[in-house]
Amino acid sequence: MTRLIADRVSLYFPYSGKPLDSQTAMAKVGGAIIKRNGRSYVRALHNVSFELNNGDRLGLVGHNGSGKSTLLKVLAGIYKPQEGRIITEGKVGNALNLSLGFRNEATGRRNIYIKGMIAGLSHREIDTLIPDIETFTELGPYLDQPFHTYSQGMRMRLGLAIATAFRYDILLLDEWIGAGDAAFRIKAAERTAELAEQSSILVLASHNPKIISKNCDRKITLEYGEISEDERIEPED
């Protein structure tokens, strides 16, 4: 049984700008700025609740700064909410920051092992993934060169290959991955779709309504860190 539950989750960041003239300030982007316990905070998330089970595909939509990426980071355990809780049953994986966790002095191949071990895989399990990662990146002999010698495009290729090589029960995505040149964008999109299909639960944040309707069966709209709409949608073929 795979489950993901957000139970009345709230998250606040300290605000260091000009003092507020009232209890709450709103902008077209970003979370609401509020006074709380005598101090000012950005209310990134407020009282967010939902439950996902096997087979659920949730799309997160909303304006810039509405809380989509922040919510994904809370679900991934990167941020800890000040209020509420996250309950997970199953292995959680994400492709929120493809460049996170690389060591510049290590080779590309060594970085695969480092990131694999961080993900909880054994050395033998990582061994089985190396050929597929090597083929997908098309880095050839550069896989045995130090990471700091890589171009931005090469780093992106390796990061994507690693992030999509591991299989997860719960997958968190911030936008559909499709960077690089035209040929590689096609490979990236196909690989991301495959990873999403193999995951029991998918949570996808995107500004693209077609991507949401194609890959999700439920949509939550966030506005200033709060859920303003929660609806079922019919995925497109």
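Predicted model: local features only at pLDDT ≥ 70, side-chain atom pairs only at ≥ 80, totals over all residues.

Keep Ile-133 in view. Beyond residues up to four places away in sequence, Ile-133 touches Ile-112, Leu-158, Ala-161, Ile-162 and Ala-165. As a general point, nonpolar side chains tend to be buried together in soluble globular proteins.

Now H4 itself. Which residues of H4 are buried? Met-154, Met-156, Arg-157, Leu-158, Gly-159, Leu-160, Ala-161, Ile-162 and Ala-163. That makes nine of the 12 residues, so H4 is largely enclosed by the rest of the structure. The cover over these buried residues includes helix H2 (108-118), H3 and helix H5 (182-198).

What about the length of H4? With 12 residues at 1.5 Å a residue, H4 should span 16 Å. The end C-alpha atoms of H4 are 16 Å apart, so the two agree.

Arg-157 forms a salt bridge with Glu-138, at 3.1 Å from N to O. This pair links distant parts of the chain, 19 residues apart: Arg-157 sits in helix H4 (residues 152-163), and Glu-138 in the loop between helix H3 (123-137) and H4. Are the two partners buried or exposed? Glu-138 is exposed, because its 52% is over 50%.

Next, the loop between H4 and S8, where we find Thr-164. Thr-164 is at 1% relative accessibility, so it counts as buried. What do its polar atoms meet? A side-chain polar atom of Thr-164 lies 3.5 Å from the backbone oxygen of Ala-161. The Thr-164 side chain also makes a polar contact of 2.5 Å with the side chain of Arg-191. Setting aside residues up to four places away in sequence, Thr-164 touches Arg-191 and Leu-195.

On to the salt bridges. How many does the structure hold? It holds 14. Side chains of opposite charge can pair when their charged atoms come close.

Take Glu-89 and Arg-3. Their side chains meet in a salt bridge, 2.8 Å from N to O. Here too the pair links distant parts of the chain: Glu-89 is in strand S6 (residues 83-89), Arg-3 is in strand S1 (residues 3-14), and 86 residues separate them. Glu-89 is partly exposed, at 30% relative accessibility. Arg-3 is partly exposed as well, at 23%. Glu-51 comes in too: salt bridges that share partners join Arg-3, Glu-51 and Glu-89 into one network.

Then Arg-8 and Asp-7. Their closest N and O atoms are 3.0 Å apart, in a salt bridge. Arg-8 is exposed, with a relative accessible area of 53%. Asp-7 counts as buried, at 16%.

Last stop, Arg-43. Where is it? Arg-43 is in strand S4 (residues 39-53). Arg-43 has a relative accessible area of 13%, under 20%, so it is buried. The side chain of Arg-43 makes a polar contact of 3.2 Å with the side chain of Glu-226. Away from neighbours within four places in sequence, the contacts of Arg-43 are Leu-11, Tyr-12, Gly-31, Ala-32, Ile-34, Tyr-224, Gly-225 and Glu-226.

Strand S3 (residues 32-36) pairs with S4 in the antiparallel sense, over five bridges. Within S4, Tyr-41 is the bridge partner of Ile-34. The hairpin of S3 and S4 has two residues between the strands, and Asn-37 there takes a positive phi near 55°.

That's my tour. Questions, please.

Technical notes. Residues numbered from 1 in each chain as written. Heavy atoms only, no water. Helix = DSSP H or I, 4+ residues; strand = E, 2+ residues; numbered from the N terminus. Buried < 20%, exposed > 50% of the residue type's maximum accessible area, 1.4 Å probe, protein only. Polar contact = N/O pair within 3.5 Å; in protein donor to acceptor, adjacent residues only side chain to side chain. Contact = heavy atoms within 4.5 Å. Pairing = 2+ DSSP bridges. Salt bridge = Lys/Arg side-chain N within 4 Å of Asp/Glu carboxyl O. Expected span 1.5 Å × (residues − 1).
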